[in-house]
Amino acid sequence: MITGKTKLLGVIGDPIEHSLSPVMHNAAIAKLQLDYVYLPFPIKAEDLPAAIAGFAAIDLIGFSVTIPHKQAIIPLLTEVSPIAKAIGAVNTVWRTETGWSGTNTDVEGFLSPLKNYNQNWSQTTTLILGCGGAARAVVAGCTQLNCGKIQVVGRDPQKLKAFQNSWQNSQLAVNLSVHNWQELPDLIGESKLLVNTTPVGMYPHVDRSPVNAELMEKLPINAIAYDLIYTPNPTKFLQIAKEQGAEAIDGLEMLVQQGAAALQIWLKQQAPVEVMRQSLQKYLGLI
């Protein structure tokens with residue numbers, strides 16, 4: 001029952017109708033028996049400042065941030081955590097007495113499923129598709145894993161250059177190199193961890209993949225293909241990767257773990273992780 005006393009949480013993005021965050025967060029809220037509700041807010045890039053001001057006016061407690069706002073929101077915050085500053089992207093925001101504070105829980109979310117692999121990461125070359133806010137969290141995560149090489153490919157030369165320059169003097173990207181998309185055929189053959197951070201394959205364009213079957217054939221044996229997209233499940237990217245014998249990781253566990261960390265910030269208590277995971281699996285027809 002939503003009343004005038006119900007406290008508001010949410011997620012902003014464009015598009016946002018595909019987001020499963022409301023499913024898992026509202027399941028967690030129900031489990032904790034709290035008078036909160038978590039809502040999706042479709043916010044266009046040009047409307048971001050007005051939306052943040054509006055959230056303050058209606059006393060929103062906090063919100064998640066997804067594509068394309070993870071970097072653009074930073075100047076609108078009064079405080080940004082060290083990890084979010086280092087990455088240059090924010091995915092979790094909460095209200096304080098002085099304004100809005102932000103951090104990034106994507107790194108711990110990204111790393112969570114990789115901890116199950118008994119792999120010598122120092123001998124691993126990672127290839128990251130895309131150079132947006134999500135890619136920045138993946139770079140930081142791969143650095144924490146001590147990956148031997150971290151290679152980023154993108155289509156926009158200016159964005160790639162800015163991406164590379166932003167990591168200068170940072171200990172989070174010691175082994176980082178950036179490459180144009182045309183170099184992908186030459187890079188994929190040595191990549192034991194292939195990560196898609198682009199929106200290609202996301203709803204509604206579910207028949208698309210950033211890497212076609214011909215290119216995917218170049219992946220090494222027993223490589224890991226990791227798609228940060230979690231709907232559809234599996235994505236076209238992961239379908240192709242599995243057909244080539246790769247280990248496939250979808251974005252569902254990353255979504256759960258980063259969401260649980262965010263919920264802990266907003267509610268100041270432990271999140272029911274298993275309830276969140278099962279709510280998503282049930283919604284997607286996986287259980």
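Glu253, Glu274 and Arg277 are joined in a network of salt bridges, a salt bridge being a side-chain nitrogen of Lys or Arg within 4 Å of a carboxyl oxygen of Asp or Glu. The structure is a predicted model, in which local features need pLDDT of at least 70 and side-chain atom pairs count only at pLDDT 80 or more, whereas totals for chains, interfaces and linings use all residues. Residues are numbered from 1 along each chain as its sequence is written, and side-chain values use heavy atoms, with hydrogens and water left out.

Helices (H or I, at least four residues) and strands (E, at least two) are DSSP runs, numbered from the N terminus. In the contact between glutamate 274 and arginine 277, the closest N and O atoms are 2.4 Å apart. These two residues are separated by about one helical turn, because they are three residues apart in helix 11. Arginine 277 is buried at 18% relative accessibility, while glutamate 274 is partly exposed at 39%. Glutamate 253 is likewise buried, as is arginine 277. Here, buried denotes under 20% relative accessible area, exposed over 50%, and partly exposed the range in between (1.4 Å probe, protein chains only). Helix 11 (residues 273–283) also contains methionine 276, which is buried with a relative accessible area of 0%. The C-alpha atoms of methionine 276 and leucine 129 are 28 Å apart, and the two residues are 147 positions apart in sequence.

By the rule stated above, the salt bridges number four. One of them joins the side chains of glutamate 190 and lysine 149, at 3.5 Å from N to O. This pair links distant parts of the chain, 41 residues apart: glutamate 190 lies in the loop between helix 7 (184–187) and strand 10 (193–196), and lysine 149 in strand 8 (residues 149–154). Glutamate 190 is partly exposed, with a relative accessible area of 34%, and lysine 149 is partly exposed at 40%.

A patch of negative charge on the surface is formed by Asp14, Glu17, Glu46 and Asp47. Patches consist of residues with over 30% relative accessible area and no salt bridge, like charges being joined within 9 Å and nonpolar side chains (Val, Leu, Ile, Met, Phe, Trp, Tyr) within 5 Å. Each charge is placed at NZ of Lys, CZ of Arg, CG of Asp or CD of Glu. Aspartate 14 occupies the loop between strand 1 (7–13) and helix 1 (21–32), and is partly exposed at 30% relative accessibility.

The UniProt record, an unreviewed entry, assigns residues 11–93 the annotation "domain: Shikimate dehydrogenase substrate binding N-terminal"; such annotations may be inferred rather than shown by experiment. Over residues 11–93, the chain is 34% helix and 22% strand, with the end C-alpha atoms 10 Å apart. The unreviewed UniProt entry also lists Lys70 under "active site". Lysine 70 is located in the loop between strand 3 (62–65) and strand 4 (79–80), and is buried at 12% relative accessibility.

Key. Areas by Shrake-Rupley, 256 points an atom, 1.4 Å probe, with all protein chains shown as cover. Lys, Arg positive; Asp, Glu negative; His and termini not counted.
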